Amino acid sequence: GSGEGRSRALQDALLSGTSSEPSCQVGGSVSDPEHRDAGSLLTLTVLLSPPEDYSGAELLFSAGGEAGAGLEPLRLRRGDGALFPSEKRHNVTPLTAGCRRSFVLEFWAGGANVYNRHR
């Protein structure tokens, strides 16, 4: 039945987890304003550090789907996470002080996702 198909699809899904290296180097960032997590379907990021442990290193997301839309900060507390379509534009501003740790998990299904949801 259809439940069996869904179960098989879940079994076929691949997970790629990466624990981000602590960002303790002042100036470290993901500064490409067009950055996307190419190929995966969804990305989960969880902040592991309390915000008072660092300055800068703000997580930014596109304010809209259209090209040239600005980026807006998403302020997370320790333990908070954000699950978003991997093709959503995002980046991280430069770290100015302290140490920021996060966990990032990308969800894949089959081959690389080449669909651009923002067109």
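I took a salt bridge to be a side-chain nitrogen of Lys or Arg within 4 Å of a carboxyl oxygen of Asp or Glu. I was working on a predicted model, with local features needing pLDDT of at least 70, side-chain atom pairs counting only at pLDDT 80 or more, and totals for chains, interfaces and linings using all residues. Residues are numbered from 1 along each chain as its sequence is written, and side-chain values use heavy atoms, with hydrogens and water left out.

**Salt bridges**

I got five salt bridges. I looked up Arg 75 and found its partner to be Glu 58, with the closest N and O atoms 3.1 Å apart. Arg 75 sits in the loop between strands E5 (71-74) and E6, and Glu 58 in the loop between E3 (54-56) and E4, so this pair ties together parts 17 residues apart in sequence. Strands here are DSSP runs of at least two E residues, numbered from the N terminus.

For accessibility I used relative accessible area: buried is under 20%, exposed over 50%, partly exposed in between (1.4 Å probe, protein chains only). Arg 75 is exposed at 64%, while Glu 58 is partly exposed at 29%.

Next I checked Asp 80, which bridges to Arg 77 at 3.4 Å. I also noted a salt-bridge network linking Glu 34, Arg 36, Glu 87 and Arg 89.

**Aromatic rings**

I paired rings of Phe, Tyr and Trp (its six-membered ring) with centres within 6.5 Å, calling planes under 30 degrees apart stacked, over 60 edge-to-face and the rest tilted. That gave me one aromatic pair. Phe 61 and Phe 84 are edge-to-face, 4.7 Å centre to centre with 75 degrees between planes. Phe 61 is in strand E4 (residues 59-62) and Phe 84 in strand E6 (residues 81-85), 23 residues apart. I found both Phe 61 and Phe 84 buried.

Definitions and conventions: Helix = DSSP H or I, 4+ residues; strand = E, 2+ residues; numbered from the N terminus.
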